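User: I would like to learn how to read an overall fold summary and then a few backbone details. Could you take me through them step by step?

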Amino acid sequence: MLLFLSQEPEARPGPPPPLPPPVAAAAAAGLGPAPGMSVCGEAVGAGSLPSELVVHIFSFLAGPDRLRASAACSHWRECLFYPALWPRLRLSLRVSPAERPRLEFLMRKCGWFVRELRVQFAADNYPSGGGGPAAAAAAGEGAAAAGDGEAPPLCPRWLDLLRTYLELVLCVLSSVRNNRNLQKLSLFGDISILQQHGSISNTYLGKVDPDGKKIKQIQQLFEEILGNSRQLKWLSCGFMLQIVTPTSLSSLSNPIANSMEHLSLLDNHIPGNTTLITAVELERFVNLRSLALDFCDFTAEMARVLADSNHVPLHRLSLLVHSVSIMHKSLDSMPEDENWKALTRNSTNLRVYIMAFDVKSDDMLRILKPSIPLERIHFDSYITCVSGAVVDLISRQYDKFLTHFILMNDVIDMSGFPDLSDNRNEDPLVLLAWRCTRLSLLAVHGYTVWAHNLIAIARLRGSDLKVLEVTEESIDFDQGELADQDVDPVHNLIEQVSLGLGRPWHAVMDIELLSVFTEPTRHFYREMQSFSEGI
């Protein structure tokens, strides 16, 4: 397993000698050997070992050590990219022009034979003037109101990011187009943070790809990969920009579709009410054990297809509920409770993971059917807020299944957080901890969590609550706690929660340290992958 990240070279005394060209290229990619390594210049010794033996030696070394060892001589460098040493390639790419030569080097070496390829495209940060997720939300609202032709302007750096993104995607896809050994393909495009609220439009794409040639080339390459595949079992495409089309899956041959075990098609910026897969197309995927789709694309008819006895039991279902999708598509075709009952009869071990982006509480109350075997739910809001009624419904309906509950409200107005316990005898989060006996993860930001309720949650779940993340600004204290001069309320909170959990605990002081709060789409996609692999 390789994670393609920049690595700090080891400090060595003296000026390093120049590296041979292939090693220099690897070093430029952040993968090269440490400077100062000796080069075999003799005809005997390590350089005369058979290739099979060198590859065998390399197989015992960690990635960085293997790369350093390849600097021994040209023969060892040739052995470095032997296919058996690179069965899996996991790349985390910054959307930066500096990544392109590194990526081209690595994909030229490994793209034609690698069996598992996972690529994440991630922008370094949000350029000034373009805004982050919250600004994107506000921009998206304006774009939705004004229409596609009057989209708000993006700063030049955002346009540069889009150009670079398209070039990097082309580089990856073109290198694996003829790879018939590919078994797992996973693509995640974090740049789609721009489009989460509809802020990327054809107007913007027209500025970076005026004639649409790059987008069409990307879509054609993706279909070529699917058409040439002979062993593909896992296909995952999340938050990518127009890479998948409604006709993409038709490129898969029937034998490959019949043997596919995981399929993920999430938020691929498909306009209007277009869907990427229909119930008729899903009938070919009879061996599917894990599925991830936009909720509005998962219809009652699809549930009936998966509940059919000809289909193997489904184990994992991840659904993305997005306010933009709901705005363009109707919820009238969603599965009703009887559809979920039929599905769970055929798939007794089915577990569901739901991520909701800025979804109104009224819509969530319609979506959350009693018979959904909901194990994980993640709310992420920039404009709307989750109501106490939704949290209460979740704790009552899914008490036997729920293990993960994430509640995030990244509000622009920091004057006050919504309080779920308003006008209620019991706090919904405390009831959640009391009813859901399997709850192991609770994360809250942007909602008021009273200190005494937090202590109650810790005492109710104890050491079974493996993760309790609450941001400092979300915690509030009663006037009585603040008035007590003999007790420091913050110290008392930390002490009591730590005693309840049976381990040291403290509030989250820096939200930037936790991806669940700062990178919700990346967190969801990563968790969805592990959720699906954990069958």
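Analyst: D358 is buried, its relative accessible area being 4%, where buried means under 20% relative accessible area, exposed over 50% and partly exposed in between, with a 1.4 Å probe and protein chains only. This is a predicted model, in which local features need pLDDT of at least 70 and side-chain atom pairs count only at pLDDT 80 or more, while totals for chains, interfaces and linings use all residues. Residues are numbered from 1 along each chain as its sequence is written, and side-chain values use heavy atoms, with hydrogens and water left out.

User: Where does D358 lie, and what is its phi?

Analyst: D358 sits in the loop between β9 (351-357) and α15 (361-367), and although D358 is not a glycine, its phi is positive, at about 50 degrees. Helices (H or I, at least four residues) and strands (E, at least two) are DSSP runs, numbered from the N terminus.

User: Is F239 buried or exposed, and which loop holds it?

Analyst: F239 counts as buried because its relative accessibility is 0%. The loop that holds F239 runs between β5 (234-238) and α10 (254-259), and F239, also not a glycine, has a positive phi of about 60 degrees.

User: How many helices and strands does the protein have, and what percentage of its residues are buried?

Analyst: The protein has 22 helices and 15 strands, and buried residues make up 55% of its 535 residues. Taking contacts as heavy atoms within 4.5 Å, residues 24 or more positions apart account for 82% of the protein's contacts with a separation of 6 or more.
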